[in-house]
Amino acid sequence: MSVRTLTIDGVDVAIAADQTILQAARSAGIPIPTLCHLDGVSEVAACRLCLVEITGMQKLVPACVTRVAEGMEVQTQTPKLQDYRRMVVELLFSEGNHVCAICVANGNCDLQDAAIEVGMDHTRFPYQFPDRPVDISHPQFGMDHNRCILCTRCVRVCDEIEGAHVWDVAQRGANCYIVSGMNQPWGAVSACTSCGKCVDACPTGAIFRKGETTGEKERDRAKLNFLVTAREKKEWTR
Amino acid sequence: MDVSELQSMAKQERDRQKPHRILCCTAAGCLSSGAAKVKARLEEEVNIAGLTQAAEVCSVGCLRFCGHGPLVAVVPDGLLYEQVTPENALSIITALQGKATEAILTDPHHPFLTHQMPIVLENSGKINPERIEEYIAVGGYQSLHQALLEMTPADVVTEISRSGLRGRGGGGYPTGLKWATVAKMPTGQKYVVCNADEGDPGAFMDRSVLESDPHRVLEGMAIAGYAIGAHHGFIYVRAEYPLAIQHLQTAIHQAKHYGLLGSQIFDSPFDFKIDIRIGAGAFVCGEETALIHSIEGGRGTPRPRPPYPAEAGLWQCPTLINNVETFANIVPIIRQGADWYASIGTEKSKGTKVFALTGKVNHAGLIEVPMGTTVRQIVEVMGGGVPDGGTVKSVQTGGPSGGCIPAAELDTPVDYESLLKLGTMMGSGGMIVMDDQTNMVQIAQFYMDFCRSESCGKCIPCRAGTVQLHQLLSKFVNREATLADLEHLEALCHMVQNTSLCGLGISAPNPVLSTLRYFRQEYLDLIDQGQKSLHQPRVELGR
Ligand SMILES: Cc1cc2nc3c(=O)[nH]c(=O)nc-3n(C[C@H](O)[C@H](O)[C@H](O)COP(=O)(O)O)c2cc1C
Ligand code: SF4
Ligand code: SF4
Ligand code: SF4
Ligand code: FES
C-alpha cells in the first residue's frame, strides 16, 4: 500500500494513496462539514459543503471525491470557504420548509449541525415556502418532503446497501423531489422491505418513524457502517 | 467498396446531374417559411416547360441567408433568390431561358455572403443531404479512405493536433490533445460520441450542419474512431430536431448500405458503427457527463470530474466526446492537411467558426468566418447593422453561459482568448445583436430564468442559487431593489460560480456579471427610480 503525505491546514498527514482529502482530514481530526457524504455509499459531491482550497489550484475542490496527492497543501477554513459554506446552508434553509421547533429531528439533525458548524444563525435569502406534500402511506415510516434537502442519501442507501432502489429523484431544478417507486405512494411500493435504512441515512427529519414526535428521531448510523464492513471485510460481529 | 468504386460512383452522379440545378433550401428555417410549397411548384413548372432534361429541382440544406427565406439557388448560373413564393416559380424557370425574372434576386456581392469562408458549411446548400451519391460526388468519404489506407491512427491524431483545431462545443479544448488522450488509453472497448444537444437559446449551427450535410459528421466520427481505436459511435441529438434526426438516419442507412460504415470499411480491418440517441431536450444534457448518463439510460445529471470521459466515459470505457462542428472540421483537415488549416485564423484559434447571427440585425442567418474576424465586421458589415437606424448596444455570445460585448469593444477579434478577456465566451456560436432599446438587466433576468429552469437540481448552489438570483434580478426589473440587493447579487453570483458542480451552474452568473461589468449604471438607475417612485404609481418598464 503506497502512502501519500500532505498538509491540511498546516498539519502534516500521511495516508493511503487511494484515500480522499475528506478521509485524510478526518483521520487527522480536522473537521470538514459535509451533508451528501455518507460512509459506505457512493459519493455524489452535490452539497458542496466540503469544498476546500488547494495551493496552486484555481478551482475549489470537493474533499469527498478528491484523492490525496503527494505534497498537496489543503486549506479547509479560509474566509472565502467559510463564506460560501454559510451561503450553502442559508440556501438550504430558504429552499425548503425547515421548522426545527416542530421537527422529529430537532437536536439530532445534520442540517442543524451544519448550520452550527458554519455559524449560520439566520438566512439572508427570502424563504421560498414551497408547497410540498407529506407521504404517510407506509405502515411504519413517513416522508415529509418539506424537510428534504435532496442529498440523495436515502436513494443511495436503499439502492446500494439494501438493493431495493425504492427512491430516485424526479423533475429538475427547484422542482426536484425524491420519488418512491414509479411515482407511487411509498406504502404502495412493493420493493420496500421496511428495513429502515433510509430512515437512518436521512440527515434531517424528512424520513422518520411513525410515532416519533418532536425531537425524538434517533438514528442508528452504526448499523449502516456495520453492514458495509460486514460485506466488504467479512466482519460479521458488531 | 474500394476507392475505384467510390470514384466511379462520384462520376456517375456528376454525369447524372442536369445542366441546371435549382436548389431549394429545405432546412428547418426555410421549411418553416413555406419552402416545401415553393419546391413543389418549381418541379411542376419544370415539367410544364418541358425542361426535365435541362434542369432539375433538388432539396438542399441551409443556404445561410436564413432571415430572407425561402431561398432558392440556381447553379451553375450563380443565382440566389430570396423570399421566394410559389407564384415566383414560373418566372424562376423562364429565367433559365434568359428572360428577366420577377422573383427577388439576392446581390451575389452582398457582404453577408462574400465575407464567409465555408469550410464546415462547404457542402451546405449545394448537395441534397438525403442522397449519399451527392456527397460522394463532391469528394465525400475519400478522407476516410485516405485515413484508413494511407495513415496510421497515430498519423491521424498528429494531423489533427497540428491543425490547431479546438473544440467547438464551447470550451475550446484542443481536439488533437483530447484524441491523443483517448488513443493512449489501453486497447479495449472505447466510444466516440458526437454532442448534438445544442441547447442554448438562439443557437442553430449544429442543427444546420446535421440537416445540410450529415455525412460529413459521420465521416469525421469514423475517422476519429480509427484514430482512437473505437468501433462504436453515438450521436446524441435533441428530440426538437426531427429533420436533423431524419437526415442522420437516412445518412447512416445509406453509408451502411455502401459499406462506408459497418465492418471492414474499404476492405481494411476497421469496423465502425454509429447509433443515434435522442435526448429529451434538456440543456444540461449537453454537459458531457450528463450526456453520458443519458445515453446509458439514466437521469441526465452531471457528475464531478475527474475522471474525465476520456478515461471513464460511457459504461466506464474511454470515450471521446466532441461537438458536431468539431467533427465537421475533420474531413477538410485530412483532405487538405494540417498546414492549410493552421494557416487560417489567429495564432491560438485556428480555422473558421460558424455563428448563428440573430437579434436586432438586418440580415440574420448562418455565417462561417475565419477566427479573428472582428465582431464589428460580422454585425455591421455582414449583418448590415441594426434595422430602422438603431444602434448596436451590445452583442451577446455564449448564450446563457456567456456574456455581452459592449458597443465599445466591437473591434474585438472573435477568438477564444479575446472573448474570455471581455468576460464572455465563444460558446457554441450563438450571436445575438441587441440595440439601444434593450434593457440589459432584463436580458440578465431572462438568462437566469433559463438557467433556473434548466438546472438539473443536483447541487445546491445551482438549484437554489439560481432561484434566488432570479428573484433578485426581478426585484431590479420591478424597481424594488436596494443597494443591499446589489451587494447580495454580486456575492451570490460569485458563490454560485465558484461552488457549482458543473458548467451550467459555474457559468450561470456570467450574463449577470457581464452586464454588471459594462452596464452597471442600468442596475443603479433601476434602484434610483425605485427609490424615487416609492410613493408614486408604478410605471411599466420600456420593453
Ligand atoms: C450546461 C452545458 C451544456 C453544454 N451543451 C453543449 C452542447 O449543446 N453541445 C456541445 O457540443 N457541447 C456542449 N457542452 C460542452 C460539452 O460538455 C463538451 O465540453 C463538448 O461537447 C466537448 O466537445 P468539443 O471538445 O468538441 O467542444 C455543454 C456544457 C455544459 C456545461
Ligand atoms: S425502508 Fe429500506 S427498502 Fe424501504 S425505502 Fe427505506 S431503505 Fe429502501
Ligand atoms: S429524504 Fe432525507 S436522505 Fe433523502 S434526499 Fe431528502 S434529506 Fe436526503
Ligand atoms: S451546476 Fe446545476 S446543472 Fe450542474 S450539477 Fe449542479 S444543479 Fe445540476
Ligand atoms: S460532502 Fe462533498 S459535496 Fe457534499
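Arg335(B) is partly exposed, with a relative accessible area of 35%; buried means under 20% relative accessible area, exposed over 50%, and partly exposed in between (1.4 Å probe, protein chains only). This is a predicted model, in which local features need pLDDT of at least 70 and side-chain atom pairs count only at pLDDT 80 or more, while totals for chains, interfaces and linings use all residues. Residues are numbered from 1 along each chain as its sequence is written, chains are lettered from A and ligands numbered from 1 in the order in which they are written, and side-chain values use heavy atoms, with hydrogens and water left out.

**Confidence**
- The predictor gives the complex an ipTM of 0.96 and a pTM of 0.95.
- Chain B has a mean pLDDT (the predictor's confidence in each residue, from 0 to 100) of 95, and 98% of its residues reach 70 or more.

**Salt bridges**
- A salt bridge is a side-chain nitrogen of Lys or Arg within 4 Å of a carboxyl oxygen of Asp or Glu, and the count over all chains is 36.
- Arg335(B) forms a salt bridge with Glu122(B) (2.9 Å, N to O).
- Arg335(B) lies in helix α15 (residues 330-336) of chain B and Glu122(B) in the loop between α5 and α6 of chain B, so the pair ties together parts 213 residues apart in sequence; helices (H or I, at least four residues) and strands (E, at least two) are DSSP runs, numbered from the N terminus.
- Glu122(B) is buried, at 17% relative accessible area.
- Arg463(B) and Glu95(A) also meet in a salt bridge (2.6 Å, N to O).
- This pair crosses between chains, from helix α20 (residues 460-477) of chain B to helix α2 (residues 79-95) of chain A.
- Both partners are buried: Arg463(B) has 0% relative accessibility, and Glu95(A) has a relative accessible area of 9%.

**Ligand shells**
- Around ligand 4 there are 13 residues, the closest being Cys456(B), Cys459(B), Cys462(B), Cys502(B) and Gly505(B); a residue is near a molecule or strand if one of its heavy atoms lies within 4 Å of it.
- Ligand 3 has 14 residues around it, and Cys148(A), Cys151(A), Thr152(A), Cys154(A) and Cys202(A) come nearest.

**An exposed loop residue**
- Gly29(A) lies in the loop between α1 (21-27) and β3 (51-54) of chain A.
- Gly29(A) is exposed, with a relative accessible area of 59%.
- The C-alpha atoms of Gly29(A) and Ala222(A) are separated by 19 Å, and the two are 193 residues apart along the chain.
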